Amino acid sequence: MSWVGPDTADEVTVPDLVGLIVTDARKVAWEAGLVIAAADPDGPPLGALTWPGVWRVTAQAPAPGSRMRRMGSLVIEFCKALGTDDREPPSLA
C-alpha cells in the first residue's frame, strides 16, 4: 500500500514508470515529487532489493495519471532485466 504523502502537500500527477530501469524510475518519480518504494513496507529497502544488477519496473500503484500528494510513496514491482549480468554494466549497443 502506498503512502499518499503529507496532508498539507500539493497534489502531483503520478508518472508512468513501468518499463523503466529502477534507477531511472527513481529519478523520474523524484522529479515528479514522489518517492518509489517496494511493496513490503517491513521488508528491506528498495536499494537492497535491486542491487546488484539491473532491475526493470513491471507494475506500479497508484496507476499513471493518478493524483497523490507530493512526497507520497509510489509502490513498484520489479524484476531483473533480461540479458544483464551482475558482474558487468548493461551494453549500450
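Mentor: Axes are lines fitted to C-alpha atoms, for helices over the stretch in contact, and angles run from 0 to 180 degrees between N-to-C directions. Contact means heavy atoms within 4.5 Å. Helices (H or I, at least four residues) and strands (E, at least two) are DSSP runs, numbered from the N terminus. On these terms, α1 lies across β2, β3 and β5, at about 135 degrees to β2.

The model is predicted: local features need pLDDT of at least 70 and side-chain atom pairs 80 or more, while totals for chains, interfaces and linings use all residues. Residues are numbered from 1 along each chain as its sequence is written, and side-chain values use heavy atoms, without hydrogens and water.

Trainee: What makes β2 and β3 edge strands?

Mentor: Two strands pair if DSSP finds at least two bridges between them. The open sheet has 3 strands in the order β2-β5-β3, with mixed pairing. β2 and β3 each have a single partner strand, so one side of each lacks a neighbour in the sheet.

Trainee: How do you know that β2 and β5 pair?

Mentor: The definition asks for at least two bridges, and 4 bridges join these parallel strands. In one of them, Ala-37 has Val-75 of β5 as its bridge partner.

Trainee: Why is the pair of Trp-55 and Phe-78 called edge-to-face?

Mentor: Rings of Phe, Tyr and Trp (its six-membered ring) pair if their centres lie within 6.5 Å; planes under 30 degrees apart count as stacked, over 60 as edge-to-face and the rest as tilted. Here the centres are 5.9 Å apart and the planes stand at 85 degrees, so the pair is edge-to-face. Trp-55 belongs to strand β3 and Phe-78 to strand β5, 23 residues apart. A search of the whole structure finds 1 aromatic pair.

Trainee: What is the phi of Met-71, and where does the residue lie?

Mentor: Its phi is near 75 degrees, a positive value in a residue other than glycine. Met-71 lies in the loop between β4 and β5. Most residues other than glycine have a negative phi.
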